[in-house]
Amino acid sequence: MDVNFAWTAVAFVLTILTLSYLLGDNPFFRLATYLFVGVSAGYVAAILIFEVLIPRLAEPLMFGSPSEKFLTLIPLILSLLLVFKLFPRLSVLGNPSMAFLVGSGAAVIISGAVTGTLFGQISGAIQPFGLSENGDFLQAGSQLIGSIVLLLGTISTLVYFQFSARRKTEQQTSRNALVQFTAFGGQIFIAITLGALYAGVLAAALTALIERFDFLRTAIQTFLQ
Amino acid sequence: MSELICPHCGASNPLDAIECKKCHRFLFESSSAGAPFSPKEDDWLNSLREDTEPLPESGEENTAASEPPPFTEDVPDWLARIRQRTPEEPGEPVEQPSQQGEEEELPEWLRDVEIPSGKTGQTTSTADEEELPLPDWLSLIDEEKQTEGEALTTTSEPTETGFDRQTGDEELPAWLREIGIPHEETPSQPSAEEEIPAWLVESTTGEGEQPGAPAEPPLSQTEETDWLKSFAAFETQPASEEEESSAAAPEEDWLKTFEAFESQPEPLFSESQPPQPEDESDWLKAFEDFRSETLPEAETEEEPEAVQQPAGEESPPLESLFSEPLEEDWLQSLQSLQEEVSLPESEEESQPISEEAEPLQELPPLTEDIFPVTEGASSAFIFETPAQESVPEEELDVSPFISEELPEWFDEQVFESAEEQPSPAGEAETGLEPAELPGWLEAMRPIEAVAPGRIGSDDDQRIETSGPLSGFQGVLPAEALVTQYSKPAIYSARLQVSEKQRTYANLLETILQQEKQGQTTSAARSAAPQILGRLLVGVAIAVIVLFALFGGIRIAAPPTLFAQENVNFFTQIQSLTSAAGQNTPVLLAVDFEPALAGEISKIASPVIGDLLQAGKPLAVVSSNPTGAALAEDLLLSSAPPEQILNLGYLPGGVTSMAALANQPAVAAPRDRSGAFAWDRSGFQTIQQISDFSAVILLTDNTDTSRLWIEQLSPVLENTPLLIIASSQAAPMIQPYLQSGQAGGMLAGLPGLAAYQQLSGKPDILPAGYLDAFQAGLMLIVVLILVFSLYYLVMQFIRKPETKGK
Amino acid sequence: MRAPVSTAIAIATGLLVLLATLLPLPVLVPIRQILLSWTIPVAATAGLIAIANLLGVHWRKLNSARERDYYSSILLIAFVATFAAGLVLGPTDADFQKVVTFIQYPVEASLMAVLTVTLTYAAIRLFQRKRGWLAVLFTASTVVFLILLSGFLNVGENIPLVKDILSALNALPLAGARGILLGIALGSITTGLRILIGADRPYSG
């Protein structure tokens, strides 16, 4: 039996088992999912060891220069400390490693959010107002209107996420009327965006369904040959 | 008997006479004293009620002392009061009670007992105290009193107005009836203290305080002890001083008293010790001396009332047994009798009691009663204290002093160990030798002194430290029960709730309500319709998709207008592939899962094919573990190995992205096989991320795609960032495209169709994919529209109905 | 202060990385790069620990007397087999990579395919559970973009009015998406700053 044929048969069976979820949760579906999780964990573990730990920790320590060994020593210590997270009583020892990851990650996220999204999206919101010189008046007008709508939509969406409000008497909080109105507009834009996202997820899922049907047809043709 | 003999002058009077026609003194006083058993006095409980009669001779102080109504209070309170007094009482010198007796003639527990009788209206308790609820076990007593109120009333009334012997005989048990008969003929002694026996009068008023009674009691008042006063509370029949002159009549009284103890245990542990007069009777002194000799001082302080109270309860019978001349001598004789006499109970019951006051020598039958009585008294005292004890009427049938009811160990050791626990009251007393201690007093000593083991359950190890049961262990289960079942305390303090707390409380309540409603609706739902509906939808979509995919029907028209990002993407790829001379590597950032690998690979395949065809080296890096394998297998399987640099998986998420964006050679120095990556030809020029000719991000995730763009776009400079995205990630990438941070994008099958159209290669898109895609999406649109309209219409239809209702 | 060492490490690391990003001084940039490169093996170790924890959970479920889960044995066996194959063959082996392409990929793609039906059914029943203008707007938006994605209107794209309408419709989600992205960015900055000043210490658990 051809190896590829066997693999195809495995993939075929697993596809059928997983699609059986349309009939509700059943043992076949569970079998496929548990198998999938186990295989994924094994694969990831192997990848992490062979593609990360060995080349980045083991080899520099064994074959690297003194500077490399020194530079590798710190992540090695941090990694070893992280192992203590497996043991509840000693998990505190893993906190420095987690702090290292969290601290560096927070800094990277801050810098990325500022330079990648804040600056970029603010600039993107302003950019449409730079009307093209070559366009006619009607085109420029429609572009301007579109830009204003987008800007208002962006602002209103941001305002919608502004949940702070002024406290009035009797513990009732209320937002400013302008803020409320703007937030209402933000809800509209958010609903539209979420509708687009939902449609995108449906389209992606449908593409996967089509691809699976195509695979099943191919597999059946393979089996029949 | 057809006539009544006046006890004062000896004149004969008719039976219905109230007062002597000769001396005009009341007849019933003597008769009441002489015949303590009223028609309903067979109910020993009545005696308890009678005991609570006020003591007229006690004067105002006595009345005041009787104010606290323990039965109308919560039992825990008076129990607590006992405990509160406990620290004080042990420290009180025993020699000082004379002063106390002046201040409060009645001990507090006696005052408590007085109240519930409610007959004389002399209860001076406050309204608050009266309103306090009775505990269950006390209310039982109260109910008994109510149900037998008539009997109680007649119990006292005959003693005041005359003795209805016939009625009393009907309800009396035989043995009591026998006891009661002689009392009728006992010469009465008129006294102002009509309802109180002389000894009790003395005990309650204290020495020197008592106004002279019409008939001097045989037993000196000055020799009375306060513990004897306490016994007044349990005296069944308030008797006049005449009872001292009759041996039989007091015997009946103390019998009733024991009965009261037997079935009415509450008073036993309800009160504290009575004050001790300075000049106690000699016999008591002897008793106390005996105790002082045998009991260590510390122990005496701990249990000062242990013996006093029982002694006080037991002493009236003894006093009533013997006339005045006996006084201390009777104790000695009693002590001797203790060793000699032991009669079965049947004899006791059948033993007729002499009608006349008899000397001690004539008391063999009586002494036969004594020892069972003492034993029985002790046993009843000790063991029958639980509140759930049987009803008094039932106990009248069987003598409460039947020794058969005693535990064997008690019968055996009641006298043996009695000497080991002397009374603390006798600590300061001297005079009598221990040998003179009567047996009945020994029997009344604290139970731990005579019992080898513990009394009561193991759970109840509390030792009473005050009151008549002082020193007893585990004999007050009622206290725990009363404490347990007492009404909860009412706190008048109002809960201070701030506005903020109230708001939170309301919010929590709202959440809980919503949660409850949600559970109701979810519980009402069944999974079966959902599965069926899902199955039907699945079948419909599957049929349509399969039909469009394999039916060979072309329903989808290729796009003629293209989104700007598609055009930009194609333009960038075209510029890359057109620059044939510049083989600057292109970085493929793989950020998709196998779930959408089908979609991504379909879109990316033609693009990568174009790049490879143009000779562009491709460096592949993945931000998820399976990315590298997917890229190799799905995208690069046909590529020449030297053109591909697979850097593998970079763990760490955004930090590894940042590291790669900052310095790719440092972030990913080796390829998947472990070889140094950047030494290979074609990739040696890469020092930083902007050295790539383009970065193509393959993504299906809105979050990770945002992170990639955030990290890459600021450092890419002129290097275009192109995105091949799944349909689900496209909407969130659009702003980056519009802002220019991303150079172009192909998203989903529409993007692939656009690329196909733009590149002019008609075979890029697999056959039937676009048709199935369009058919499936339109079916979904139809389903959503139809069912949404259906539910909306149903909503409008149901609304008027709801309003109508 | 709770976990002072960890807090100090987090703050120091974060500030160094952030400073090197905002002020790319020659001294700071290498430090930033080294720090970021250190995160990669540490993160890999964290991934291994997560896998070990997963295996531990399923091992306990398998040995649990009350809720014994026999499917966990499948998971464990699959893990052991795959991991052993990875150790023997190596991750770059073509046969080993078939684990991904013939096991993971079919299952995940099939799950995604099932999601089509589930999402459709959820959209159908949306009005059964939720009513209101937001639900209407959401459903309308979903329907419109499904139609746009399907290419159903490709035929009329040449019509000027349709072209403008389609262009305007395609641009509509942009405003909301940008607002959401900005909100996410602001939230990320806030959270990151709280970590860097030690106000939040999610690592001290």
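**View 1. Contacts within chain A of the predicted model.** Among contacts in chain A between residues at least 6 apart in sequence, 32% link residues at least 24 apart. The structure is a predicted model. Chain A contains six helices and two strands, and along the sequence they follow the pattern α-α-α-α-α-β-β-α. Of the 225 residues of chain A, 47% count as buried.

**View 2. The helices of chain C.** Chain C has seven helices and zero strands, so its order from the N terminus reads α-α-α-α-α-α-α. Buried residues make up 47% of the 205 residues in this chain. Among contacts in chain C between residues at least 6 apart in sequence, 26% join residues at least 24 apart.

**View 3. The side of chain C that touches chain A.** Here 96 residues of chain C are in contact with 96 residues of chain A. Helices H1 (4-22), H2 (28-63), H3 (71-89), H4 (94-124), H6 (133-150) and H7 (160-196) of chain C each supply at least two residues of this side. H7(C) gives the most, with 20 residues. By class, the side of chain C that touches chain A has 70 nonpolar, 24 polar and two charged residues.

**View 4. Helix H1 of chain C.** H1(C) has 19 residues and reaches 26 Å from its first C-alpha to its last, close to the 27 Å expected at 1.5 Å a residue. Which residues of H1(C) are buried? They are C:Ser6, C:Thr7, C:Ile9, C:Ala10, C:Thr13, C:Gly14, C:Val17, C:Leu18, C:Ala20 and C:Thr21. An α-helix has 3.6 residues a turn, so residues three or four places apart point the same way. The buried residues of H1(C) pack against helix H4 (95-126) of chain A, together with H2 and H7 of chain C.

**View 5. Strand S4 of chain B.** Five of the five residues of S4(B), residues 618-622, are buried, so the strand is largely enclosed by the rest of the structure. B:Leu618, B:Val620 and B:Ser622 point one way from S4(B), while B:Ala619 and B:Val621 point the other way.

**View 6. The neighbours of strand S4 in chain B.** Strand S3 (residues 586-591) of chain B runs parallel to S4(B), and five bridges join them. In this pairing, B:Val590 has B:Ser622 of S4(B) as its bridge partner. Five bridges also join S4(B) to strand S5 (residues 644-649) of chain B, and these two strands run parallel. The bridge partner of B:Val621 in S5(B) is B:Gly648. S3(B), helix H30 (residues 597-613) of chain B and S4(B) make a right-handed β-α-β unit.

Key: Residues are numbered from 1 along each chain as its sequence is written. Chains are lettered from A and ligands numbered from 1 in the order in which they are written. This is a predicted model: local features need pLDDT of at least 70, side-chain atom pairs count only at pLDDT 80 or more; totals for chains, interfaces and linings use all residues. Two residues are in contact if their C-beta atoms, placed from the backbone, lie within 7 Å. Helices (H or I, at least four residues) and strands (E, at least two) are DSSP runs, numbered from the N terminus. Ala, Val, Leu, Ile, Met, Phe, Trp, Tyr, Cys and Pro count as nonpolar, Asp, Glu, Lys and Arg as charged, and the others, Gly among them, as polar. A residue is buried if 20 or more other C-beta atoms lie within 10 Å of its own, exposed if 12 or fewer, and partly exposed in between; C-beta atoms are placed from the backbone. The expected span of a helix is 1.5 Å times one less than its number of residues. Two strands pair if DSSP finds at least two bridges between them. A crossover is right-handed if, with the strands pointing away from the viewer, the path from the first strand over the helix to the second runs clockwise.
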